[in-house]
Amino acid sequence: MSHKDIKTRIKAFIGKHFQYELKPDEDIFSLGFVNSLFAMQLVTFVESEFDITVEDEDLELDNFRTVNAIDSLVQKKLSG
Amino acid sequence: MEFKQVGVVGAGVMGIGLAQNLAQTKHQVILLDISQEVLDKAMKTIKQNVRLSRLYNKGSGQEPVADVMARITPTTDYALFKNADFVVENAVEKWEIKKEIYPQLDAVCPEHCVFAANTSCISITKIASVTDRADRILGMHFMNPVPMKPVVEAIRGYHTTEKTIETAKAFLAGMDKTCVVVNDMPGFVSNRVLMITVNEAAYLVQDQVAPAADVDEIFRSCFGHAMGPLETADLIGLDTILYSIDVLYESYNDSKYRPCPLLKKMVDAGLHGRKSGEGFYKYN
């Protein structure tokens, strides 16, 4: 799966929740429109969408902070 | 005061959050629901939530998920409450359902056991009237998501004693929570105001004054609320909102609590908010 593919799917998911054009390096949590629940939803989405399991050591907010960060995590999991 | 074993009645949104919170603060939990299917789903959700709670609680405080889950016993049998030191009831916000539950709890639970009704509207005094322990019953209006909300609205029923309030405070301290104690009238403080706000916000959408996102935006940006009334409604569950506003309407016989037709229609259509995938917003 290409980076572009992964990023498009992540952006589509976030876009469904917020009417906002998110940049790949923009900190989702600093924009003020997500709450603690959304971070958990995001992890659940990423796991089911890409059929991966985020291990305990990767359950860090930093891994879900930007579209690019999520993309790196997904790539790492898919190639590992 | 020790609360070794805690009974949680109802494995819906609130029961799930409570069981998780209690297990993570080292309590033994008996989680009861009438449906095995609901219990199975609840245990799966709790497991996932315990795992994801790592996102916010870093460091040595993190126990293995299996250790936390081992403290929760799911059951459909009230008999398991025979050693419960404290019970929190979270059944559906309907009097017909609640009035069947309390006599069963009363029959099986030990004498010292305090019952907390996690209701958002129903009168605590009325609930107490179907038991023989009206002095040991209070209301505890937990906020959702339970593990993340440190303050509870506690409600003193007509017969609730000061000792029961003290017991409840000690119980909450064991969950790392505190409470604000108020007197009993349907809706208490929180929901008498919140439900009418949500209902009126639904009218705004119905009357096409503004779409849901704009209504919420005004509350967030202009009033500084963390969440707007309609996203809050989606989080609570639109079915629960409708039950609650119905209870207020019946309790006060005041037309200001008449439910918005759009809200009724959405509930009939299965749009129950976050938990069903769609409410005023779409999820998943």
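Which strands and helix of chain B make a right-handed β-α-β unit? Let's find out, starting with how to read this model.

## Reading the model

This is a predicted model, in which local features need pLDDT of at least 70, side-chain atom pairs count only at pLDDT 80 or more, and totals for chains, interfaces and linings use all residues. Residues are numbered from 1 along each chain as its sequence is written, while chains are lettered from A and ligands numbered from 1 in the order in which they are written.

## A unit in chain B

The unit is made by strand 7, helix 6 (residues 162-173) and strand 8 of chain B. Helices (H or I, at least four residues) and strands (E, at least two) are DSSP runs, numbered from the N terminus. Right-handed means that, with the strands pointing away from the viewer, the path from the first strand over the helix to the second runs clockwise.

Strand 7 (residues 151-156) and strand 8 (residues 178-183) of chain B pair in the parallel sense over 6 bridges; pairing takes at least two bridges found by DSSP. Ala154(B), for instance, has Val181(B) in strand 8 of chain B as its bridge partner.

## Chain A

Chain A has 3 helices and 0 strands, in the order α-α-α along the sequence. Its C-alpha trace spans about 35 × 25 × 20 Å along the principal axes.

## Where the chains meet

The contact (C-beta atoms, placed from the backbone, within 7 Å) takes 11 residues from chain A and 10 residues from chain B. Helix 2 (residues 36-50) of chain A gives the largest share of chain A's side, 5 residues.

How values were computed
Contact = placed C-beta atoms within 7 Å.
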